Each structure stands twice: as C-alpha cells, then as structure tokens.
Amino acid sequence: MLSRVADSLYWMSRYLERAEHTTRLLDVNLNLMLDESAASADRRWQRVLEALGRPKDIEWSGEPYALTQALTFDTTNKASILSFIIAARENSRHVREQISTEQWHRLNSLYLQVVSPEMQIKRQAEAFAAGITRPSEFLQSVMEAVHQFQGVTDSTMNHGEGWQFIQVGRYLERASATALLLEAYHEDLWGQPERIGEGNEYLDWMGLLRSATAFEAYCKVYTADLTPDHIFEFLLLDGEFPHSVRFSIDSVQCALEKIQGDSGKARAQALQRLSGRLQASLSYSSVDEILREDVVGYLRGIQAQCHAIHNTIYELYVDYSIQAALAG
Amino acid sequence: MHPTQSSQFEHSILKNYLLDHAYDEMFSGPGDLHRHCQRLLEHFTSLPPEELQRRKQAADLSFLNQGITFTVYGRDEGTEKIFPYDLVPRIITAAEWTTVELGLAQRITALNLFLKDIYNEGRILQDGIVPREMVYSCKHYRRQMSGLQVPRNVYIAVCGTDLIRLENGEFVVLEDNLRVPSGVSYMLTNRRVMKRIFPELFRSYNVRPIEQYTQLLLGTLRSLAPEGRPQPNIVLLSPGVFNSAYFEHAYLARQMGIELVEGRDLVTHDNIVYMRTTIGLRRVDVIYRRVDDDFIDPLAFRGDSILGVAGLFNAYRAGNVTLANAFGTGVADDKALYAYVPDIIKYYLSEDPVLKNVETYLPTRPKERRYVIENLDKLVVKAVGESGGYGMLIGPQSTKAQQQEFARKIEADPRNYIAQPTISFSRAPCLIGDRLEPRHVDLRPYVLFGDKVTIVPGGLTRVALTPGSLVVNSSQGGGSKDTWVLNQ
C-alpha cells in the first residue's frame, strides 16, 4: 500500500474518532447541565475543555451554548466537530479509490449535510441563542452518521492493510482521548471521598461514563452502584469494553501485528516494543496499584506512549528515508 | 414544428423544438423522425412531466452523491458543482459507427507513424509533406524525444478525438486530443446512471456495451510494459486531488485495480522508478500519466513543477519505465498541424482518410492569411496554443473591434492561429425544463492503442447547453449526455 494512502486512511479515521468523541462530550454535558445549578456549570465546562486537550483560542465564557457553538460549528477553530468532519472527508477524498463506494457515500453525505446552506444558518451563534438550532439533534445525527460509517467500513471494505490502518487511527485516538478524559475528571472523582451516590457527584460520574458510552456497559459489570475506583478501573482496564484504554491498545496492537505480518516484522521491532510494553502494562496492572501511585502521572504516561507509537508508525511506514529503504 | 398527422409531433414537449439548417439528431425534416428515434420520442412523450422531473432529480442526486463533481477551491469547505447531465440519450446507428470506427483507427495509426517518424528519421519532413518549421515551432515538440525508442512504437496509447456532424450528417474530425484526454469517466458513469433511470427504454434498444473500457485500458497499458517485466506494476499518475479531473483519475484507478499515485509517491534511483509503500519501495513499470509533459519531471522540463517526479525522464530514456502517452505527442494534435493530417494519412498508409477534417485555413500560408483576414466575419479563428474554448473568435457573433483585434494578432503571429468556416454542429434533443429543445453537440470517442487498436462503441457526447451556443467545453457551461451505439 502507498505510504500516502496509509497516512490518509489513518488520519481519516482519527479525525472521525475525534469528531465522535467531541460530539458525545458536548451532548452528554448539555444534557446533564439541565439537572444542575448554574454554579457547578463552571466546573463542568472547564472540565470538558480539559478533556478535549484545551483547544487553542477557545475559552469558557460562562455561556454553554456559545461554547457548544464554537466547538461544533466554528471552522476557524481546528478543534470543532465541523473542522474534524471536513478534515476526515478531505482525507478520504485523497484515497477515494481505496475506500468502498458505500464508505464514501456515507462520509460524503455527512459532509454535505453539515455544509448545506440550511445548516449554515443554523451554525450562527444567533441561531443558538434564539433556539432555532437544537444542538442535541445535530449532535445525535453526527454520532449516528459516524457509527454508520464504521459499520459500513467493517462490512464493505477489505480487512486488509488499509482497514488495519483505519483501526490503528481510531483506537490510538480513542486510547489517548480516554486517558485524557480520566485525567480531566481525576480531581472530581477523588476530590471528596466521603460523599458517595448523592447529588452532583452521582451526575458527574454518570456523565463521565456516558462520555465514553460506558454507562450501560458499566452497570452490567458493577450494577448501577457508581464508585470512583470502579469507574476508573472500568474505563482504564476493562478488557471487553470497546472504549476502555486497554481494549483500545489491544486493538492497536492487534492491527499493528497484522500490518507487520503483511510488511515484514524485522523492520518493526521498535514499534512492537513500544506498543507491546503499553499493552502489557494495561493487561497486568491492578487498579489498586495504579491508584496507590501517581494517577495523573500514569495517565499522562499513556498519552505520551500513544504519541510515541504514532511517531514510530510514521518513521516506519510513511516518512522513511529513501536511502534506508534501498539499503534494507 | 410544422403540424403533421401524427399527434406525437403536437405534443407539448416539442413546443419549442425548432429546426434550422444544422443537422438534427432526432428529426430528418419537419415532422419526420429518424427511424431509430421513434421509440425514444414515444417514450419521452408517454411520461408525464412530473415523472421526467423526478427522474432528472434522481440522476442529479446520483451524480452528487457519487462525488462526480467539479471542485472550485478557495475556502476550506470548497464548492462543488455537478457536471450538467442531460437525460435524453444520443443515438448512433450501427452503420454510422462502422465509419467512425474505421476512421478513428486509421487516424491513430497514421498519427503514431507520424510521431515515430518526426522523432527519428523525419522522412515526412524531408519529403516536404509537412513543413519542418511547422513541427519545430510547435510548443509541444520535445527535442528530448528524438532518437528514443518507445515500446511497440506506440506514442499515443490513449486518445480522445472530437467529432462533429456537418449539415449533411457526415461525421468529421474537429480536433485530436493526444496528450491527456479526459472525460471517459463521464462516458462510463453517464451510462450507469442512464441504465438506472431509463431501464425500459434502454432495454428496448439494442445498445452496445461500453463497460469493458477500463479492462481494455489496462490491457493496453500492460502490452506496453518494458521488456523483461512479465508482471508489470502499472500506476496512474495524477496531479492530485485539486485537479478538476481527479474524480476521473480515482475512478479509473479503482476500476482497473491499480495504484493512483501522485508525484510525491514516486522516487527515482539509478534510473528506476519506485513508489513509496508501507513495505518500502516498489518498482514501477508502466505509468498511465494524467500530468502534462511540462510538469512531469522538474529536472527535464519545468523546474518549478511540484507535481512531477525528478529523474523520471532519464528512467524513461533508459527504457526502465513506460509512459502512456509518451512525451511529445502534443505536436501531433497542434491545431495548425491538424490541417496536415489528411496528407499524413495518405503519406503513411496510402489510403484516403475515412473521416474528413473540417476545412482549415493556415495564416502561415500568405494566400490563406489574406483570405482569413478579409473574411473574419464569416470564420471561426482559434489560437493554436489554447484549449477549452478560450482564445476564440466566432466571426458571425463578433464585433468589428474584435475582428480588428484578431486581424492584428494574426498578422503579428500567423503560426499561432488557424481559421475554419463557421460550421453548425448537429443538434440533439435535450430536456430543458419540461420541453425537448435542440442543442449543439459533439462526440468524443476514446481510442486505445497497445498491441492493437480498440475503440469502445460510444463516447462522450458534449452538449452546449446555452441555446444557439457552439461551445461544448465544460469550463464554458457545457454538459453531457449518454451516447448509445446500436447493435444493428
């Protein structure tokens, strides 16, 4: 597979995962906001921004709908949902002949929907203030479209190298985003250990789980009894839940092995070491151990390792030097 | 329309259908249909206007969703327009096609021999059939190609020839496109959409299939691989996603199952071309290039090109990679050289041309220059170096000032202009609103030349959608329609 193609598929997938994550975070918090006092809104939206990695030029101004508007529709802001969709679609356009027609249709329809003239009116901040734009309706439709795209991807595209790069992009992004989400919530999870199960804390914890579509899956394992340790364990270490960090890294590792199988293992030692080490750490750690140590440091370590894996993928498959390739 | 006995001709759909001296693709005279258009007209008159509109919308949506669009960039979101599409198919009879096919095969054979000759011995120049200065002054002549052997002596592997019909219905050649002809994906997708929108009508005609085009193209490219490369790696080289024909590049690559590469995907080392893949470098044997000569190798041609591959020309010269089309084919589709093509055919094949040229005056010949300048109000003048309908003077539609300006230009640089009589291309019925109206059309069939000449029965019929306009180019508001070549 052409390096450029692998690169585009990888980014298409990452951008869509980002779009989905941002969409869900906004949807969940807009919903929970309705149940609580204005005083706690401040903390909530600051945390949303932290969980999104503090996007440049976006500040919390005390107005949830203004923030939602900026994070959803502002194309001057590279971290808005619209920018992500445009970037994903642009990447897919570069590899139009590599993805299936069904995939292209699904992604292109989403793009046409979000840039349609009708939508341009709804994108204005005034439309938010006047209630013309119902953000949750829009956010739901984006999430549905992204899910459909993933379904179509799995059922119509060859599960060959290209598909594996899509997996790597999606799960690497997800692992990193979930680690960042946990980091953003860290203070609130263990800030007041005495008050459990009542009032805003319960809503916050539910919000955290929902932000990773994990509420129902969590309840099946631990019942609706929400405790910070269990939530942390579930989102970090659960081996079966597709949004947990461990599941994501397992998936990255699995896809990388398939890619290496196709492209020769010998070159990939450094990459294998990196992803294998992270996978082992997540597979063989207990939650108590992690919680006894520096939790924030551990979460940041995961993000750093994800970043290192990304760089190594680049050196290995995309941006290698010609001399090295000719010699090898 | 004149009233006739048949109620069909009084149908409101034909209310605006006027005939003039131009050949009409549906009517042979007032109230008189070409026999093969009978069922077509019956079908369109039998459908209620709302149903026609519904089908039109279904077709448009299908193009939009498939991303068969032109892109106008500027803002990050881009604006995309679909290529206007007309629902009424253009029908060509089996007998008409036989002539077209013969003529096109003859023409591509002769033009290939011509290119081989001028880049090697230059017999035709010595014999004075084509003036030397005509060839050497052409901006598409590539000195670098002289003495170079190309596989099977095939310079033009893919060509798209523009044909028009004269008032008597005869097909003539308007222009050869021998560099990087485009539009074949529209021919293929038009057909696909048409089969979906009018299945009953399509079935009632015995239309020859065209879907095999991509397979034939692949076979052609494979037959041109360098020797000793039995499993050639064939790629399509595109300028990239910002090119207006990118849809076509992606479409063809996908249909052929070959890699779509851009300049940045290719590297050369020791005169071998490689592409960068995830498993390292992989050798490339045949490049179906959709990048112009000028941009293909910054070392050999334009140094400011970022679309090309440094060192590609040397690899080509060394015979390690085949390019289709070869470099320098543009000299044979030069608008002034066009006037010599009938002589070229006679010279190499000792045959009369099956398809005639449009009569062409060359201002480089003093007598003809005088005639052109005296008759600018009647002629069409074209700048040799321009394409896409730019740089033209259409005499009857021009002002005195425009004519004077062109007279000055022609005197200053006669080599850069040609003139032709104003010809009314044939007109075909198009669905405009809820009426059928005649619009001028041309026809671009696609010719392949590898180990043999192959022509798929069909082509791209381009339509000048503005009433009365003779300019069919997509950049000037042209559209297209499906072209049906009948089996008998």
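**Reading helices, strands and chains**

Analyst: The buried residues of α5(A) pack against α4, α6 (117–122) and α8 (135–156) of chain A, and also against α2 (49–65) of chain B. The model is predicted: local features require pLDDT of at least 70, side-chain atom pairs count only at pLDDT 80 or more, and totals for chains, interfaces and linings use all residues. Residues are numbered from 1 along each chain as its sequence is written, while chains are lettered from A and ligands numbered from 1 in the order in which they are written.

User: Which residues of α5(A) are buried?

Analyst: A residue is buried if 20 or more other C-beta atoms lie within 10 Å of its own, exposed if 12 or fewer, and partly exposed in between, with C-beta atoms placed from the backbone. In α5(A) the buried residues are Q103(A), W104(A), R106(A), L107(A), N108(A), L110(A), Y111(A) and V114(A). Helices (H or I, at least four residues) and strands (E, at least two) are DSSP runs, numbered from the N terminus.

User: What span should the 15 residues of α5(A) have?

Analyst: The expected span of a helix is 1.5 Å times one less than its number of residues. For α5(A) this gives 21 Å, and the end C-alpha atoms are 21 Å apart, which agrees. The same test applied to helix α6 (residues 184–197) of chain B, with 14 residues, gives 20 Å, and its end C-alpha atoms are 20 Å apart, again in agreement.

User: How many residues of α6(B) are buried?

Analyst: The number is 10 of the 14, so α6(B) is largely enclosed by the rest of the structure. They are V184(B), S185(B), Y186(B), M187(B), L188(B), T189(B), N190(B), R191(B), V193(B) and M194(B).

User: How many residues of chain A are in contact with chain B?

Analyst: Two residues are in contact if their C-beta atoms, placed from the backbone, lie within 7 Å. By that rule, 24 residues of chain A are in contact with 23 residues of chain B. On the side of chain A that touches chain B, α1 (3–33), α4 (81–94), α5 (101–115) and α17 (322–327) of chain A each supply at least two residues. The most comes from α5(A), with five residues. The residues on that side of chain A divide into 10 nonpolar, nine polar and five charged; Ala, Val, Leu, Ile, Met, Phe, Trp, Tyr, Cys and Pro count as nonpolar, Asp, Glu, Lys and Arg as charged, and the others, Gly among them, as polar.

User: In what order do the strands of the open sheet with β16 of chain B lie?

Analyst: Strands of a sheet pair through backbone hydrogen bonds, either parallel or antiparallel. Here three strands form an open sheet in the order β17-β16-β18 (chain B), with antiparallel pairing. Its edge strands, β17 (392–394) and β18 (417–421) of chain B, each pair on one side only. From one strand to the next the twist averages 15°; axes are lines fitted to C-alpha atoms, for helices over the stretch in contact, and angles run from 0 to 180 degrees between N-to-C directions. Two strands pair if DSSP finds at least two bridges between them. Strand β16 (residues 379–383) of chain B and β18(B) pair over five bridges, and V381(B) stands opposite A419(B) in β18(B).

User: Which strands pair with β6(B)?

Analyst: Among them is strand β21 (residues 446–449) of chain B, paired in the antiparallel sense over three bridges; there, C159(B) has V447(B) as its bridge partner. The hairpin of β6(B) and β7(B) has five residues between the strands, and G169(B) in the turn has a positive phi of about 90°. Seven of the eight residues of strand β6 (residues 158–165) of chain B are buried, so it is largely enclosed by the rest of the structure.

User: Is G303(B) buried or exposed?

Analyst: G303(B) counts as exposed because it has 10 C-beta neighbours inside 10 Å. It is found in the loop between α10 (293–296) and α11 (312–317) of chain B.

User: What does the radius of gyration show for each chain?

Analyst: The radius is taken over C-alpha atoms, and the globule rule is 2.2 Å times the number of residues to the power 0.38. With 488 residues, a compact globule would come near 23 Å, and chain B has 23 Å, which agrees. For 328 residues the rule gives a value near 20 Å, and chain A has 20 Å, which agrees. Chain A has 17 helices and zero strands, whereas chain B has 14 helices and 24 strands.
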